[in-house]
Amino acid sequence: MTQAEKGETENGKDKERDREREQRGVKRPIVPAAVPESLQEKPESTEQRQNGLKMVDQAIWSKKMSNGARRIPVSPDQARSYNRQMRPAILDHSSGAKWTNTSNHPEFLVGEEALYVNPLDSYNVHWPIRRGQLNLHTGPGGSLTAVLADLEVIWSHAIQKYLEIPLKDLKYYRCILLIPDIYNKQHVKELVNMILMKMGFSGIVVHQESVCATFGSGLSSACIVDVGDQKTSVCCVEDGVSHRNTRLCLAYGGSDVSRCFYWLMQRAGFPYRDCQLTNKLDCLLLQHLKETFCHLDQDISGLQDHEFQIRHPDSPALLYQFRLGDEKLQAPMALFYPATFGIIGQKMTTLQHRSQGDPEDPHDEHYLLATQSKQEQSAKATADRKSMSKPGTFEGELRGQASDISERIYPQEVELGSSQSDCISGNDSEEPLTAHMSRKTAISQFEGKALGLDKAILHSIDCCASDDTKKKMYSSILVVGGGLMFHKAQEFLQHRILNKMPPSFRRVVENVEVITRPKDMDPRLIAWKGGAVLACLDTTQELWIYQREWQRFGVRMLRERAAFVW
């Protein structure tokens, strides 16, 4: 046995011993604080990123400026030579920033306090929600129970600190829970249970983010584009109903733009050379630089001088000066060419899938499909019996038997409708197994694609059932969330939708309108504003689920009271 083989054997034994210790309940040492995985660098994605950047550069060059001239591209080499010579100026020997005081060894820290914990302190940093869903993983704090416990701690802390409501008084309050359009039924059920039974609210209404965004903006119908920090969701809402087939969730958002901007600044010789994506404070700095400098204005071109300050605890306050060119436009344009993010090894597009079912909720869509199938079979059997006395019945009987067999082999689990979305349909019972497999393949291929924001919007609108609905959506595209708050973002997105929409609609739709700030409201708050509006509506009185009802009937109350198809 070679030394390498011996080492591997010993490592394997050590891992087995560790597993045994964990099973016996031995505590593992607490790992130092880490940043969200979405902000960490993935070196294997450089080639994909370079290809995406070429497409971005081509798009920038092809679109003329408002004066009719072509943009002159700025090479990063032009800025690099200047930036590499720059050294920071010391503004003050004390930055004024401080680490969070942990001398009393608090059990948990929330929000800004958690971000400013000294890495030398023994704390785990937990991120309960990632990419718009509960952050379940195999590491410490990654189980569903642990994630729900983290959310309970965060919400309880915020209610006490910012709303100044003692937890013992929550029995006098009700709450509105906003869930994603593409939601996990098991997660929603557990959240409702936690809010009613553990936190002690007296009642709850569950509604979808997109519908509440329309309430908050005062629109009856709109294509809702929610660009968040780690995910982007698109869906069409008509008269308070989110159309199931139009829902899309894309696995990128504002934090990916920050990461892309950092990569582009590095190419241009970013003078702050100690910047690390694994440092939480550096990630906050990069987010600030993105929000300050990035834009979607084609008329801003050429090299420009900028400056920024760094104020980290236990360090002097530093002032950096540097030059940037097209990087400020390229980074946000990555939302339209997501290959530039370099994200690999994960599903980029998520559709609404049929749930796995819940034993506590027997009358779900699986039950409806099964009973629908039986009704169809009995109707066919009755028709066959009536036709027995007629000539040529042998062929009809065989056809009926064949369709029954096909239903037993393939019990109506078609994943895609005509618009490549999951829909519940009773018309696919006679579809052969090969067609079913090809549609399943179409789903996996579609979900593997990284759709740009404009293409995702066009796809979502195209999945609407009627042309009239599509016209409504084209004339009212509402952008919410904080991921697209760039200068000239509205005009940029509107131009791309106009250029790429089907020619048949270009003639019919009077105007394509992209709304980024309805009623001059902060787009990050529109869904919450809609939740507040929802609580005041008379019709909402029928939607409340009360603690006693939940205790008695459980998840069946969601099917009974939810304002959307559960």
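Colleague: In which sense do strands E13 and E14 pair, and over how many bridges?

Modeller: Strands of a sheet pair through backbone hydrogen bonds, either parallel or antiparallel. In this predicted model, E13 and strand E14 (residues 514–515) pair in the parallel sense, over two bridges. The partner of Ile477 in E14 is Val514.

Colleague: Which strand pairs with E13 over four bridges?

Modeller: That is strand E6 (residues 221–227), and its pairing with E13 is parallel. Val225 stands opposite Val479 in E13.

Colleague: Are the side chains of E13 buried or exposed?

Modeller: In a regular strand the side chains alternate between the two faces of the sheet. Strand E13 (residues 477–480) has both faces covered. Ile477 and Val479 are buried on one side, and Leu478 and Val480 are buried on the other.

Colleague: What is the order of strands in the open sheet of three?

Modeller: The order is E1-E11-E10, and the pairing is antiparallel. Strand E1 (89–92) and strand E10 (304–310) stand at the edges with a single partner strand each, so one side of each has no neighbour in the sheet. On average, neighbouring strands here are turned by 30° against each other, direction ignored.

Colleague: How many bridges join E1 to E11?

Modeller: Three bridges join E1 to strand E11 (residues 317–324), and the two run antiparallel. As for facing residues, Ala89 stands opposite Leu319 in E11.

Colleague: Which helix packs on this sheet?

Modeller: Helix H9 (residues 280–293) does, and it touches E10 and E11. The direction of H9 makes about 145° with that of E10.

Colleague: Now the helices. At what angle do H5 and H6 pack?

Modeller: Helix H5 (residues 144–161) and helix H6 (residues 185–199) pack at about 50°, and their axes are 11 Å apart. An angle under 35 degrees would count as roughly parallel, and 65 to 115 as roughly perpendicular. H5 and H6 are therefore oblique to each other.

Colleague: Is their crossing left-handed or right-handed?

Modeller: The crossing of H5 and H6 is right-handed.

Colleague: Which residues meet between these two helices?

Modeller: From H5 come Leu144, Leu148, Leu151, Glu152, Trp155, Ser156 and Ile159. They meet His187, Glu190, Leu191, Met194, Ile195, Lys198 and Met199 in H6. Sorted by class, the contact of H5 with H6 has nine nonpolar, two polar and three charged residues.

Definitions and conventions. Residues are numbered from 1 along each chain as its sequence is written. This is a predicted model: local features need pLDDT of at least 70, side-chain atom pairs count only at pLDDT 80 or more; totals for chains, interfaces and linings use all residues. Side-chain values use heavy atoms; hydrogens and water are left out. Axes are lines fitted to C-alpha atoms, for helices over the stretch in contact, and angles run from 0 to 180 degrees between N-to-C directions. Angles under 35 degrees count as roughly parallel, over 145 as roughly antiparallel, 65 to 115 as roughly perpendicular and the rest as oblique. A crossing is left-handed if the near helix is turned anticlockwise from the far one by less than a right angle, and right-handed if clockwise. Contact means heavy atoms within 4.5 Å. Ala, Val, Leu, Ile, Met, Phe, Trp, Tyr, Cys and Pro count as nonpolar, Asp, Glu, Lys and Arg as charged, and the others, Gly among them, as polar. Two strands pair if DSSP finds at least two bridges between them. Buried means under 20% relative accessible area, exposed over 50%, partly exposed in between (1.4 Å probe, protein chains only).
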